Amino acid sequence: MGIPIFQVDAFTNKAFAGNPAAVCILDQPAEEEWMQKIAEEMNLSETAFLYREDDTFALRWFTPVAEIELCGHATLASAHVLWENGYLPPGETAKFTTKSGLLKAERKGNLIELDFPAELEHPLPPPPELVRGLGIRLKYTGKTGANFLVEVESEEVLRGLQPDCSELAALPVQGVIVTSRAAANGFDFVTRFFAPRLGINEDPVTGSAFSALGPYWSARLKKDEFLACQVSKRGGVVRVRLCGNRVYIGGEAVTVFQGELLV
């Protein structure tokens, strides 16, 4: 019998939108080299590997070129697979032990809400590679633990952005979060995410980025609940709410296919 694997589109209610993630259900820990090869084979922004540990699931995430310490859309996809395929009862909280600590997910109707730690950014002058890489006027530049966070003048500017990924890949960070206030459609803010250093020129919907975007926009918009849109080609809708030092990141998910790994 093979190893179950699923592909799930996260932060969307329809197939072929949002951010696709592979979810691999293991019955025991796997070798890191093997997981990296599977992630390279799947060639998605993230492949998640998880197995049960008592009342939690150990969870790790791999891009096609490296393991990362936090991923939102593949965590949402993992929770979706656990409930949809009977690994967890529908009303039970999904708990994950990860390199970023204990993470949780709950079902709220069609919505899955992730419980993530808030990530605060601090102002930082933009390095030359960031300025050249984005090629536009930067309204604000800050840095979280793993990413640069940049605000630009408008949604129009954000949507028209055509970054030089070779310049961004030279930055000593995982990626670059670029954001602006939303122009319309009921959204509070919009965003895009670029991570060429991790083999992902542009990520379709980056759940973990909202751990920083939530506090950032809360300080500017003076509110704690948001409806946001990641305006990549595939696009995705994210609900965000803050509570103390936690950020709750909500979205829907759709399974696109399932199968078995035979190696």
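How many aromatic pairs does the count come to? Seven, by a rule in which rings of Phe, Tyr and Trp (its six-membered ring) pair if their centres lie within 6.5 Å, with planes under 30 degrees apart called stacked, over 60 edge-to-face and the rest tilted. Before you click on, note that this is a predicted model, where local features need pLDDT of at least 70, side-chain atom pairs count only at pLDDT 80 or more, and totals for chains, interfaces and linings use all residues. Numbering runs from 1 along each chain as its sequence is written, and side-chain values use heavy atoms, leaving out hydrogens and water.

**Stop 1: two tyrosines**

Select Tyr 140 and Tyr 216. Their ring centres are 5.5 Å apart and the planes meet at 45 degrees, so this pair is tilted. Tyr 140 belongs to strand S10 (residues 140–143) and Tyr 216 to helix H6 (residues 210–221), which puts them 76 residues apart in the chain. Helices (H or I, at least four residues) and strands (E, at least two) are DSSP runs, numbered from the N terminus. Tyr 140 is buried at 17% relative accessible area, and Tyr 216 is buried at 2%. Here buried means under 20% relative accessible area, exposed over 50%, and partly exposed in between (1.4 Å probe, protein chains only).

**Stop 2: along H6**

Phe 189 sits in strand S13 (residues 189–195) and Trp 217 in helix H6, so the pair ties together parts 28 residues apart in sequence. Both Phe 189 and Trp 217 are buried.

Colour H6 next: nine of its 12 residues are buried, so the helix is largely enclosed by the rest of the structure. Among the buried ones are Phe 210, Leu 213 and Pro 215.

**Stop 3: charges over rings**

Show Arg 220, which lies over the face of Tyr 216 at 3.5 Å from the ring centre. The test is NZ of Lys or CZ of Arg within 6 Å of the ring centre and within 35 degrees of the ring normal. Then jump to Arg 241, over the face of Tyr 248 at 4.2 Å from the ring centre.

**Stop 4: Asn 19**

Is Asn 19 buried or exposed? Buried, with a relative accessible area of 0%. You'll find Asn 19 in strand S2 (residues 19–25). The side chain of Asn 19 makes polar contacts with the side chains of Ser 45 (3.2 Å) and Asp 203 (3.0 Å). A polar contact is a pair of N or O atoms within 3.5 Å; within protein, one must be able to donate a hydrogen and the other to accept it, and residues adjacent in sequence count only if both atoms are side-chain atoms.

**Stop 5: the cores**

Finish with the largest nonpolar core, of 53 residues, where Trp 61, Phe 96 and Ile 249 are among those touching the most other members. Such a core is a set of buried Ala, Val, Leu, Ile, Met, Phe, Trp, Tyr and Cys residues joined through side-chain atoms within 4.5 Å. Helix H2 (residues 73–84) supplies the largest share of this core, seven residues. Another core, of 20 residues, lies apart from it and includes Val 152 and Phe 187.
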